[in-house]
Every structure is written in structure tokens, then in C-alpha cells.
Amino acid sequence: MSTLSLAVRDSSTMLRRNLLHARRYPSLTLNLLLTPIMLLLLFVYIFGDTMSTGISGGGTGRSAYIAYIVPGLLLMTIGSTVVGTAVSVSTDMTEGIIARFRTMAIHRGSVLVGHVVGSVLQSVASVVLVGAVGVAIGFRSTDATALEWLAAFALLALFALALTWIAVGMGMASPNAEAASNNATPLIILPLISSAFVPVEAMPGWFQPIAEYQPFTPAIETLRGLLLGTEIGHNGWLAVAWCLGLTVLGYLWSKAAFDRDPK
Amino acid sequence: MPTSVMPTSRSGDGRTPAAAVSAVGLRKSYGDKTVLDGIDLRIPAGSVFALLGPNGAGKTTAVKILSTLITADGGQAQVAGHDLAADPQAVRAAIGVTGQFSAVDGLITGEENMLLMADLHHLSRSEGRRTAAELLERFDLLDAAKKPASTYSGGMKRRLDIAMTLVGGPRIIFLDEPTTGLDPRSRHTMWGIIRELVSDGVTVFLTTQYLEEADELADRIAVLNNGKIAAEGTADELKRLVPGGHVRLRFTDPAAYRSATSALREVTADDEALSLQIPSGGSQRELRTILDRLDSAGIEADELTVHTPDLDDVFFALTATTVPARNTRNTQPEETVR
């Protein structure tokens, strides 16, 4: 068997294992899904009137604010889902079965690839679910073309891939599930200090550069541009650069951690 | 400094069987703690080898290195004819490993664990199902096959673990303390399983803390102490190194005690406890000699116990200069005859 087909076959076996875990024990995934949905409902129905006033100088109402926050929440959903990835990777690494995999003549990377692909699929499924809730409460795209929808979808998938690799690295570097959950907290915090809920311009001046150039804001602004026709500007390139950079970083980090002798 | 009492490898008979595992000067340390301090091994194909040692002796580290889980700091080793460092993937293709801590996926069922192994060995779907079903039956796990492995008892987990190890038909199997933590019945089941593997011609490398277990299963035993092989040989060869096997007779009647003392030779008498110690390897013949003498003198002991040498004795025999004198009476396993 060639190296590539070995890699594909073993990775898909590992993927099936991870999906089986997710299907059999869906509570973790569902819990993580709850956060973005709760935030969506909270910000729209509880804080919505005040928030929308702050966004566009008043008068635009609730539907405009729904349009404003849904792209951010879709990306936040990814951040939230991959926290689960970090936790399940770190839990998995403490299991004896991983030691067994290491002593088998299988493709070395398949354990990690299985986690990554499984996590990206879960992220995408979660995004679709949160998106459906968004649509149900009134989110509509303003004249996005099929190509723009496709690009939006690709951006979400790429972002999910990038954050997943980072989360896998965090999971590998954490000795247990609690530590993994703590280490992955930035992935929940970052969207809160991005342009997801309020525009960067509404933040204090000293904080604006942080909010503007962290990974979530460019991705959110690009998604807004694609779905709502707002200005994308340099955010498109920034978003793609962040995604590629984080993917490479997360991959190298995870691989180095996996190749190290286990304790 | 412990010395190697027996030669490590047999030679001179012209045809030495091919080695399934051979190692020269394996070393491993974590920080300043040296876990393996240059061990040499040679295990003929088709034999059972036991690495015997207390907790922390380095047994697990040796298994981890030889099964490619971790890398050695020094020395070299071949497993199934492949060099560990140069071609670990070829080694992995030839071996099966059951570690000390259960290597089953607790979140999925026993059957799913087996099918996972079949997939990773690239068996076809039908072949995988057949192999899984066969092994589940062989290890008496069919009833539990549809239950999550996390609900299994310790013995069942161990059996599933070994069943998973056997999926690819490995020719060399590493078993790291396969019976630690098992109840006596499960332990005997496990011994039966290991004997069955051997009858299929598989080479077995096992680690254990129990001399009895090594004695039951292994063709050759190496005693690992402080990261070094302190002695290597067959069970009998090792036991010959160990003094301390004896029969102990206890009396309640001082008169019987006194007449027994004079009827038996070579006894160590303990007047206060009314007990006698007679050096003995514990064989049937030796016991009969003692019993015959007692019978012909018309003496009946109230209790007779056979003390067999154990791992401790082997260690104390091998490291006598570094260890203070010990009380042999309280630390040996006792098999009460009556």
C-alpha cells in the first residue's frame, strides 16, 4: 500500500472512531453549541434595543442588529466547538489506546488527522445549526451571490481548520481535560473582544488595534462583507493570512508534541 | 554490584534458534534517574521470556523501548530481525503489545474496539468481522460484545486488550504485567491464554512481579533490578541461587515438639514458638521424607507449612552485599498444607 493510501485509509478509520465518540457522547458538543446560541438570543432579545442604538446611531432596530452579530456568532461557534476538540484530544492522549496506536504499523499522523477532520466536520455542523437559528430569528443575507456564499462557506471551513489545529496543539500540550479547557479559553474570549458584538470603532482607542488585528475580527469583517455587502478592504487578506498561519503553527505544534516520547 | 550468575545467551550447541528479540546495552534515563543501565537480552523465537522485577525496576521502560513506544538513550536492539531505531515501522508490523494500563477504547463497545483493530490492520470488511467474532468468542467476550468497554471488569478489559493485540496475528507479543490487579480466577484464565499463544508458536515477552508467574509460564527469566539484569536463566536455575526454602512444623504439645526435634535432623528449633524449620526445596519427595520420619516416630505436628523462595529471596541472594540481614520468616509466601 502506498504511503498516501495508507494515510487516507488509517485517517478515515481514526475519523470514524472520533465520529463514533461524538455520536455516542454528544453532550460535550451540544453544551458547547449552547454558548453561541444563548449569546445570540441574549444579545438580540435582551440587549438588542440598546446594542442596535450603539451600532448605527439609533433607529435601525432589532433586525439590523441581528444582521450585525450573526457573522460574529458563526465564527464564535467555531471557537467554542474547538474547545471541545482540545478537551477530547487531551483526554484521548491519556488513554492507553493511543499507546497501542503508537506501537502499530499505521500511518503515524492518522491519529491527529482523524481528530482534525472530525473536529472540522463538527464545527461546520455547529455553524449550520447556529446559522439556522440566526435565520429563524430573522437573519437575511443582502443580495449575496452564489460565489459569495461559497466564499463565506470556504472562509468558515478554513477558519475551523485553523482553530482546530491550534486546539489540537493545546490539547496535546495539556496534561488533562481541565488544563485543556483552561488553555483553550482564549478561543472563547477572543470573539468577545472582536467586532462580533460592537464595532471596533466603538471601543477605547488604546484597545482598538488589539481588537482589529486579532484573528477573529478580520474573519468576521470578511464574512460580513460577503453576506451583507459591507466593506471588506484589507480584512480578506488578513483573515486568510491568519487562517494559514494558525493552521501551519497548530500543525507543527501538534506534530512536535505527538512525535515526542510519551511519558 | 550484582553479578550475572548465568550466561545471558546459550551457545555452543551449534544451532542457536533465531532471536525474536535481541538487545545490547539498552540504556534509558529520565533526568538524573537511570532507569535502564545497559541491559542485554536474547530471546529465541517461539519461547516465553519473563522479565521479573519489583516496581520501578525498569520493566515497563524495557517493554516501551522494545515495542517502539519510546526511544532508548543508548544501545541497540533488533525485534523480529528489524533494527528498532532504523525501521520501527517494520518492528511494529511484527509485534503486538498489551501494556500495563488497559489499551482499550472505553467509549466504544468491545466489538467496535475489535473492528477498529481490524480496520487498522487493513483487513477486508468480511475478514475483519470474522476475526473479531472469532477472537471475541475465544476470549469469552461475546455476551459483552455490544457493551461499552468502560463497563467491563478488570479481567474482561485485560482479555479484550489481548484479543485486540491478536487481531493482526503478531509473531511477537509483549505483555506488560498481564495479571497485575487481577483476581486469582482471572489470573489463571490469563495464564491459560498465554500458554495457548505459545502453543501457536508466538514469542512472548512478559513482565511480572511474581516469581510464581514467571515460573509457570516462562522458558527463561531475567531478573531486573535497578536497571540492570541481575541474573538470567530458567526458573530452576534461579531458584537454585536462592536459599531459604524450608518446611516449618508447629506444635502445641511440648513433648511432641521435643521428640520431633530429636527425630529430624538439620532442624532449626524455636523453643518459644514450639516450631521447627527444616531446609527443603518443597518437593513431594522431600516432604514425604519428613512426614515418614514423623510417622515412624509417632509424632503429629499441629501445622505444617512449606515456604518457597520468592522474588525477594532472589533479590536478596543477588544483592546480598548491599542489603542488611533480613527476617525470612515473615516475608515468604506460605502454602499451608494442613
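**A loop residue and its surroundings**

Reply: If we leave aside the neighbours within four places in sequence, B:Ala72 is in contact with B:Leu26, B:Arg27, B:Lys28 and B:Ile65. Please keep in mind throughout that this is a predicted model. B:Ala72 itself lies in a loop of chain B, between α1 (59-66) and β4 (74-79). Is B:Ala72 buried or exposed? It counts as buried, because it has 21 C-beta neighbours inside 10 Å, and a residue is called buried when 20 or more other C-beta atoms lie within that distance. A further landmark is B:Leu84, which is 12 residues away from B:Ala72 in sequence and 9.3 Å away in space, C-alpha to C-alpha.

B:Leu264 is in the loop between α9 (254-263) and β12 (268-270) of chain B, and because it has 19 C-beta neighbours inside 10 Å it counts as partly exposed. Leaving out residues up to four places away in sequence, B:Leu264 touches B:Leu276, B:Ile278, B:Ile290 and B:Arg293.

Most residues other than glycine have a negative phi. Against that background, B:His122 has a positive phi, near 60 degrees, although it is a residue other than glycine. B:His122 sits in the loop between α3 and α4 (125-138) of chain B, and with 17 other C-beta atoms within 10 Å it is partly exposed. B:Asn226, also not a glycine, has a positive phi of about 50 degrees. Its place is in the loop between β9 (220-225) and β10 (228-233) of chain B, and its 18 C-beta neighbours inside 10 Å make B:Asn226 partly exposed.

Which residues of α6(B) are buried? They are B:Arg187, B:Met190, B:Ile194 and B:Leu197. These four cover an arc of only 75 degrees around the axis, and therefore they lie on the same side of α6(B). The spacing can be understood from a general rule: an α-helix has 3.6 residues a turn, so residues three or four places apart point the same way. The other side of α6(B) carries exposed residues, namely B:Pro184, B:Arg185, B:Gly192, B:Glu196 and B:Ser199. The buried residues of α6(B), for their part, pack against α5 (154-165), β7 (172-176), β8 (203-208) and α7 (211-217) of chain B. Just after the helix comes B:Gly201, with a positive phi of about 85 degrees.

Among the contacts in chain B with a separation of 6 or more, 70% are between residues 24 or more positions apart.

Finally, chain B has a partner. In all, 23 residues of chain B are in contact with 21 residues of chain A. On the side of chain B that touches chain A, at least two residues each come from α2 (88-94), β6 (95-98) and α3 (110-120) of chain B. The largest share, four residues, is supplied by α3(B). Sorted by class, this side of chain B has 12 nonpolar, seven polar and four charged residues.

The largest nonpolar core has 90 residues, and those with the most contacts inside it are A:Ile69, A:Phe159, A:Leu163, A:Ala167, B:Met114 and B:Ala163. Helix α4 of chain A (residues 61-93) gives the most to this core, with 17 residues. There is also a second, separate core of 52 residues, which includes B:Val21, B:Ala23, B:Leu51 and B:Ala218.

Key:
Residues are numbered from 1 along each chain as its sequence is written. Chains are lettered from A and ligands numbered from 1 in the order in which they are written. This is a predicted model: local features need pLDDT of at least 70, side-chain atom pairs count only at pLDDT 80 or more; totals for chains, interfaces and linings use all residues. Two residues are in contact if their C-beta atoms, placed from the backbone, lie within 7 Å. Ala, Val, Leu, Ile, Met, Phe, Trp, Tyr, Cys and Pro count as nonpolar, Asp, Glu, Lys and Arg as charged, and the others, Gly among them, as polar. A residue is buried if 20 or more other C-beta atoms lie within 10 Å of its own, exposed if 12 or fewer, and partly exposed in between; C-beta atoms are placed from the backbone. The arc is that of the directions from the helix axis to the C-beta atoms. A nonpolar core is a set of buried Ala, Val, Leu, Ile, Met, Phe, Trp, Tyr and Cys residues joined through C-beta atoms within 7 Å.
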